[in-house]
Every structure is written in C-alpha cells, then in structure tokens.
Amino acid sequence: MPLKQRGLLRHIHDLNRWNPENFCPFYIADHRVGYLKHYLCEALKQWPSYFSISDDAVRFSPEVDRVDDRSHVLDEVVHLLVEQGVIKYYLGETYPVTGASRDQVLAKMDRGAASYFGIKTYGQHLNGYDNSNQELKLWTARRSPDRIRFPNRLDNLVAGGLPENLSLHNNLIKECEEEANIPVDLVKTAKAVGVVSYCRETEIGLKPDTLYCYDLELPETFVPQNTDGEVSEFQLLPVEEIIELICNTNEFKPNSNLVNLHFLIRHGLISPDEPDYLELVSGLHGVT
C-alpha cells in the first residue's frame, strides 16, 4: 500500500507548490485579494492613478471605492493587457474578486485574468456514481481536444467554474445540464459533501482554488450526454480502475484527482489505517 499512497500524495503535492518570493500581494480596500508575479506588477505601472506599486504590495486606488467602478477599471485594464499580449485570453465570464469569504465581493474580473491576479476562484465538481449490483462505478468525462486547458484529459462527470452572478444551486443545475444532460429532478438529489482547495503556482500566476464537491447516485439506466461540446466521451469505470488511474497515470485533470480522492476517503476506500492517511486528508484543504 505505501506505493499506492505515494501515488496518491503526489497529486496533492503538485497542486500545493508555490514560492511566495515570486509574488507580490494585491490589496483592495486593505483586503488582500490576490498575488501578482513581478512581471504583472511592472505591467500595471502603466496605470499609476489606479495602482500603487511598491516592493512589498500592489494596492488598488482607495479613491475608486465602489464595486462597479473598481470592476470597470479592472475590465479596462484586462482588455488592454490582452491587447498587449500580457494576458492571453479575455473569456467574457465574470468572477468575483473577494476578501476573506466568497460573499465579500470587492470587485469583479474576467475569468481569463483570474490566475494572473492570483484571485481566489471557486468551482463545482460532481461525481456521478452507479452502485447497482453492489459494484461501485464512477462516470468519468473526457475533455474535448479543443479545450484551452487540459484537452483530452479525464474529468469528473460534471466540473465547472462558479461565476459571480449565479447561486451554487442554479450553477450546479446549469453545469449538469450542459455537461452531462442530467435532468433537473435528478440534480436536486445530489448531495453536497464538502470542499477541496489548493494553491498552485503556474507560469503566469497563482491559482488558489476552492471546489464545492457533490455526490450523485445515478440509476443504472442513466447515460450522460454532453450538450455544450466540452466533453468528447463518457466512461463508466469500476472504482478500482479509478484508483489505478490516479496512482499510476496523469490521465485525470489535476484538480479532478483531488475531488476523486475526497470521494474515495469519504466512501471508505482509503481507510485511516493506511499510510499517510492524515496527510492525504489535510492536503485536500490547502490554504493561502
């Protein structure tokens, strides 16, 4: 079992690696809302009226003190940084820029810029499973080859970001319909089972993400169908095969591995008697 456990732990370690020396904290109204790499700090010096930049912090102008006004400024800045090639994509989906909690919205920003500014982002992942005949199986989705991030990798049955203008309940219904064509009445039986979180440094910035996790037991007759083009195929796999894929391959999208580990622990498939159990459990809740 130790070899298996090291295979599991590597995913937690990979998603919780970052060096604070590579970043400068970003503040809005005295709340730390993100972290910026030094190249982005330099780029923001184009707007001295909006950003106060020192060696140890970037602070948004206190004179812009309304959420809508801050959001307008950030949107203009992001558009120009995309034009300059500093930020790669403008995605047209708004994420909240938050302080201590998801409800403390201080501004709004395009999703394409979130990792560049190191803001906290939130998502929802749902594991759909079939336990008929006492044989536990999980539905997996393979991401389409045209996805910007992690094309062709395996994913949870439903996985998506949480935009600022939808509730958890409504976004889950939307994502389940778009990604797997799950009827609303069936989605309403999904169980909220907790969160996983991680903080990972990338070439462009920082990803401090929190994922709300859900379990949905599906009838034996249910077959998912993708409706938004983001999934190329679905597979119903025995849980033993899921464990092997996590331990021995990189087939799953990185954060989906954490959601799967959360599922395996809760369903008793990784027991407290196994090596590194406490590190696995605590590692599912990285903080920044």
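## Strands β5 and β6

In β6, Val105 is the bridge partner of Thr98. The structure is a predicted model, and in it strand β5, residues 94-98, is joined by five bridges to strand β6, residues 105-110, the two running antiparallel. With six residues between them, β5 and β6 form a hairpin.

## The four-stranded sheet

Four strands make up an open sheet whose order is β2-β1-β4-β3 and whose pairing is mixed. The edge positions are taken by β2 (31-37) and β3 (51-53), each of which has a single partner strand, so that one side of each is left without a neighbour in the sheet. On average, and with direction ignored, neighbouring strands of this sheet are turned by 25 degrees against each other.

## Salt bridges

Side chains of opposite charge can pair when their charged atoms come close. For this model the count comes to 17 salt bridges, and several of them can be described together with the accessibility of their partners. Asp69 forms one with Arg66, where the closest N and O atoms are 3.2 Å apart. Asp69 counts as partly exposed, because its relative accessibility is 34%, and Arg66 likewise counts as partly exposed, with a relative accessibility of 45%.

Lys174 takes part in a salt bridge with Glu175, the closest N and O atoms being 3.1 Å apart, and in another with Glu178, for which the corresponding separation is 3.5 Å. Glu178 and Lys174 both belong to helix α5 (residues 168-180), where they are four residues apart, about one turn of the helix. Salt bridges that share partners also join Arg142, Glu233 and Glu251 into one network. Lys174 itself counts as partly exposed, at 27% relative accessibility.

Most residues other than glycine have a negative phi, and most peptide bonds are trans. Against that background, Asn133 has a positive phi of about 60 degrees although it is not a glycine, and Gln134, also not a glycine, has a positive phi of about 60 degrees as well.

Asn133 is found in the loop between β7 (121-130) and β8 (137-143), and Gln134 lies in the loop between β7 and β8 too. As for solvent accessibility, Asn133 counts as exposed because its relative accessibility is 68%, and Gln134 counts as exposed with a value of 71%.

## A nonpolar surface patch

Tyr89, Leu91 and Ile148 form a nonpolar patch on the surface, and together they have about 270 Å² of accessible area.

## Cysteines

The count of disulfides comes to zero. Cys176 is in no disulfide, and the nearest cysteine sulfur, which belongs to Cys213, is 13 Å away. At 0% relative accessibility, Cys176 counts as buried.

For Cys247, the closest cysteine sulfur is again in Cys213, but at 18 Å it is too far for a bond, given that a disulfide requires the two sulfur atoms to be within 2.5 Å. Cys247 is buried as well, with a relative accessible area of 9%.

Conventions. Residues numbered from 1 in each chain as written. Predicted model: local features only at pLDDT ≥ 70, side-chain atom pairs only at ≥ 80, totals over all residues. Heavy atoms only, no water. Salt bridge = Lys/Arg side-chain N within 4 Å of Asp/Glu carboxyl O. Buried < 20%, exposed > 50% of the residue type's maximum accessible area, 1.4 Å probe, protein only. Patch = residues over 30% accessible without salt bridge, like charges linked within 9 Å, V, L, I, M, F, W, Y side chains within 5 Å. Areas by Shrake-Rupley, 256 points an atom, 1.4 Å probe, with all protein chains shown as cover. Pairing = 2+ DSSP bridges. Axes fitted to C-alpha atoms, helices over the stretch in contact; angles between N-to-C directions.
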